[in-house]
Amino acid sequence: MPEAADAVKPEGEGEAPAEAEEKTAEDDEVLPEGEEEAHQSQEITGLFLQHPETTVAVTGTDIVFTAKVDSTTLSRKPTIKWLKGKWLDLGSKAGKHMQFKETFDRATKIYTWDMKIIKVVPGDAGAYRCEVTSKDKCDSSAFDISVEGEDAGEDEGSLDFSALLKKKPVVDEEKADVWEILKNAQPSEYEKIAFEYGITDLRGLLKRLKKMKTVEPKHSDAFLKRMESAYSVDKGKKIVLEVEVVDPNAQVKWLKNGQEIKSSAKYIIESVGNIRTLTINRCSLADDAAYECVIGEEKSFTEVFVKEPPVTITKLLDDYHVVVGERVEFEVEVSVEGAHVNWMFEDQELSRDSHKYRFKKDGMKHMLIIQEASLDDIGMYWCFTNGGRTKGELDVEEKELEVLQNIADLTVKAEDQAMFKCEVSDEKVTGKWLKDGVEVLPSSRIKLTHIGRIHRLTIDEVKPEDAGDYTFIPDGYALSLSAKLNFLEIKIDYVPRQDPPKIHLDTTGNMVSKNTIIVVAGNKLRLDVEISGEPPPTVVWAKGDTVGTSYTLEGRVRTENRKDLSCFVIEGAEREDEGNYSITVTNPAGEDKANLFVKIVDVPDCPENVKCTSVGEDCATMVWEPPKFDGGVPVTGYLMERKKKGSTRWTKLNFDVFEGVTYEAKRMIEGVLYEMRVYAVNGIGMSQPSLNSKPFMPIAATSEPLGLKVHDVTDTTCTLKWLAPEKIGAGGLDGYVIEYCKEGGEGVFLRPVSNTIVYHCQTSCIFVKSNLLLSNLIYHCQTSFITVKTHSYLIQGQTLFITLSKPIYLELPKIRLPRYLRQKYLRRVGDKINLTIPFQGKPRPKVQWYKDGEELDVRVASIRNSEVDSILFIRSAERSHSGKYELVLQIENMEARAILEIRIVETPGPPEVVKVTDVWGFNAALEWKPPKDDGNCEITGYTIQKADKKTNEWFTIYDHNRRTNCTASDLIMGNEYMFRVFSENLVGKSEDFCLSKDTAIIPKIGLEYNPPPFKEKDMQSAPKFIQPLLDRSVVAGYSTAISCAVRGFPKPKIRWLRNKIPLDENPRFLMQNNQGVLTLNIRKPSQYDGGKFTCKAINPLGEDVVECTLLVRDIFNIFPQS
């Protein structure tokens, strides 16, 4: 809105009147279509209380611009835009470099907006504008930023005109026509002339000069249509740059900031005829650059501006009420992941370098964390994004101090120790001690300690002057704890002292439980036991029931006695030392005794019976038995080692403890002898290795023989032939074993001759068994191999076999029931049922169907059987067809069964005995009984309807009601209602209904409403224009619009005239009527479209007319000539 910018400029920033007129004309000249209409609907007023001021900044510093608006006269909240140059919206540039803030004072109703630029760079210099809009009011304020620094001129490559203008007087426009001077000057002199005459907008200057010059535009030999000077696109959207070339075969290059663009998924370069396009997918801020299309020496240039969408706040801040020292975590959620947000406390921005605050970002969540809240943290916390803000209040209150243990009065004797002790709830609280109102200071005899929540005052060697009142006062709390110290002076005559002996056992250290000591074998045990008694007692140690009289001052197991202490020592503990020990102390005053149990723990014994149970091509399975003695600590696992026979080098098989007793060793070499040993591991350590296992050799089993077939069969013999196995392991092939199994033999294969082996030189054999092959029996035959090594040990590989195929193989019967028949099969009454159930079995099995345990009647269903399936067909299903159907396949004495359940369902019958049980207010309670006929499936619900006896129209009040009762609400007073209920199941709703036996009458309360008489108002009126047409002056070639407003009823007919000629059929004039607001849009008017425009409104009650004059100026005559 350039007009507003001139209307509200601050003092000291105004220009000469002629120059201001040129500025307005220049801005009108570059105003886009549609923008001018929006400005006409807003009233230009002075809304700013404080304008942003022109500033000269130093490179690297921070600057803040402030604008204030009074909203007392505004009907809506004002909105603000910060712009750079003509149209670049800075809201999309919000981030670490540029930040925006908005505050509102409820008392004065003043909005304050701040724009902060952090660490100014030379690129920030230029002209800026601040625009404020509120419904039909708007205002604008322009200001400049100049950047000073050593490299500012070198980086920008342009002059800082706004800073230089403050030092130069403005040249009066009347003395010289600057545009005439620029028109006749060389382009290299434009900057110098603009500087002398105070023109800061060089881009606008060049556009104006380009339109003023009458020189014909330079003809391009390469381009028919160039790109626009600039494009704008939202972040994440797609943009297409397009040029039209003269030569359809011409090759073009696309450049971004001078660097050639290669075709990729992001940049798509296309060539169709004379059109060359560059498509940029998912634009990011990195795509905000200058782009060129180059053909030979000619270029088409444009700029792409990427607008970042505003980041909105989806989850607002919550208020917190905590006590001092608690943790506070403010959390906000924004619409864009990874977006930048700013945190503020009151009017102060929170720095991320602060040790008090911690900032956390998790996707779209942002958190401000205060580890320990204090009273200084009370206030309002703000979170700002470039698209919104939110606030949360923190209230911190003092933490109440709780006394956990109060100090107690003391009565002590001379030379004794007195200790006052108290405990409070906060371990950080300090305090001071007072005696009779005077602070107690620490000394060699008086000690003040503070450990955690406990405060102590200790007085050694109490004297009579120490008696008095002692008080502890916590710092910062109105609290005091008091106690009294009484001094007791006692005179006692000396009497020889006799105390009974006592044993003081220390249950810490090696004690795992009461009076139990654990010692690792080989370690030293030294047990110091404190004893007391007067006179000194006699100490006796014993193991079990035996008194340890042999325990002397020397030896592996010994005792050492000193005053008030007895020591029991075991050097190099052994398993035999484990057992119960007792210590007995006696003196003339009495006796005391204590029992101890010493437990010796050690590494476990080695595992036993390590052996190999099976081998493979490169593996072997080993088993062993756990150790007999676990060392007193459970065994946690085992470690395994192996070596080649004859070698002394052992290889570890596992580094992590293996818990089982069966282990499969892998990665061995086939045909090599190995030995293996195992270690047991417990919490103390690792055992000795076990004995080596017997040598074993990994050998792969051969594959099964191939091509087994029957060559000849007689009454008593059968000749078989086969091929050698495809794979033979390192153990070689020694021969074959032939086995057979008779039908009904329960899968047990027998050999024709016991231990018969057919050696590998043969690939056929004949076995004879009298009375075995009978005409009514079928045999299974198989061939397997056996591998024998003629060494001192035997290794037998895994046995594989091949089974004889078709001639004598029997295929067992099997039913392949489809998946949908494995559950209950539902069909409606009258549907057709056609079920195909495949099966297998050879020879062809006998098929039999049963229904509910009885043979299926062919009149109930049709059955058709084939070699591979059986079909059950029912032409029209009835309820009687429901039941369990069983299919049985039988081959000799083998059979297979399959059961499928079929249920035929239909709609249920109506419910029974619907009755109204209660009527209150506008409600009625209904009850009924389930239907007798449920349609052969579960009742899923009921539909309840009501009808007024006056209209007899039925309305549904409940659908799918699962209970047999309901409450009808919102009944109308004075009406009588009847009800009916339908039942529902999986098939649908019942065809019949059950009508309630009685009705529900809603009585009237006795109120009567007498409406006042209504007199209809006459709304007819003659047309009258409430907003006239205004004279306009526009530039030729720029679309414009004129508007007025009319009122009248009936709706008047509108006619537009230019120079008294109707415009009804002219396509260049678009007439609109929106709720009485009349608009005439004129598309790109020429000098001949000017004149007097008339708008006439007519209805049966009269007519009204308004007129205005439209002046269309030539584009080259809008500036004054000298």
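A disulfide is a covalent bond between the sulfur atoms of two cysteines. Here the term covers a pair of cysteine sulfur atoms within 2.5 Å. A search of the whole structure finds 0 disulfides. Cys-1095 is buried, with a relative accessible area of 0%. Buried denotes under 20% relative accessible area, exposed over 50%, and partly exposed in between, with a 1.4 Å probe and protein chains only. Cys-422 is also buried. Its relative accessible area is 0%.

The model is predicted: local features need pLDDT of at least 70, side-chain atom pairs count only at pLDDT 80 or more, and totals for chains, interfaces and linings use all residues. Residues are numbered from 1 along each chain as its sequence is written, and side-chain values use heavy atoms, with hydrogens and water left out.

Pro-535 sits in the loop between strand 41 (525-534) and strand 42 (538-543). Strands are DSSP runs of E with at least two residues, numbered from the N terminus. Pro-1050 belongs to the loop between strand 80 (1040-1049) and strand 81 (1053-1058).

Positive phi values occur in residues other than glycine. Phi of Lys-1060 is near 65 degrees. This lysine, Lys-1060, is in the loop between strand 81 and strand 82 (1061-1062). Lys-1060 is exposed, with a relative accessible area of 74%. Glu-346 has a positive phi of about 55 degrees. The loop between strand 23 (342-345) and strand 24 (348-349) holds Glu-346. Glu-346 is partly exposed, at a relative accessible area of 37%.

Glu-346 also belongs to a patch of negative charge on the surface. Among the other members are Asp-318, Asp-319, Glu-326, Asp-347, Glu-393 and Glu-397. Patches are made of residues with over 30% relative accessible area and no salt bridge, like charges being joined within 9 Å. A salt bridge is a side-chain nitrogen of Lys or Arg within 4 Å of a carboxyl oxygen of Asp or Glu. Asp and Glu count as negative. Glu-397 is found in strand 28 (residues 388-397). Glu-397 is partly exposed, with a relative accessible area of 37%.

Methods: Patch = residues over 30% accessible without salt bridge, like charges linked within 9 Å, V, L, I, M, F, W, Y side chains within 5 Å. Areas by Shrake-Rupley, 256 points an atom, 1.4 Å probe, with all protein chains shown as cover. Charge placed at Lys NZ, Arg CZ, Asp CG, Glu CD. Helix = DSSP H or I, 4+ residues; strand = E, 2+ residues; numbered from the N terminus.
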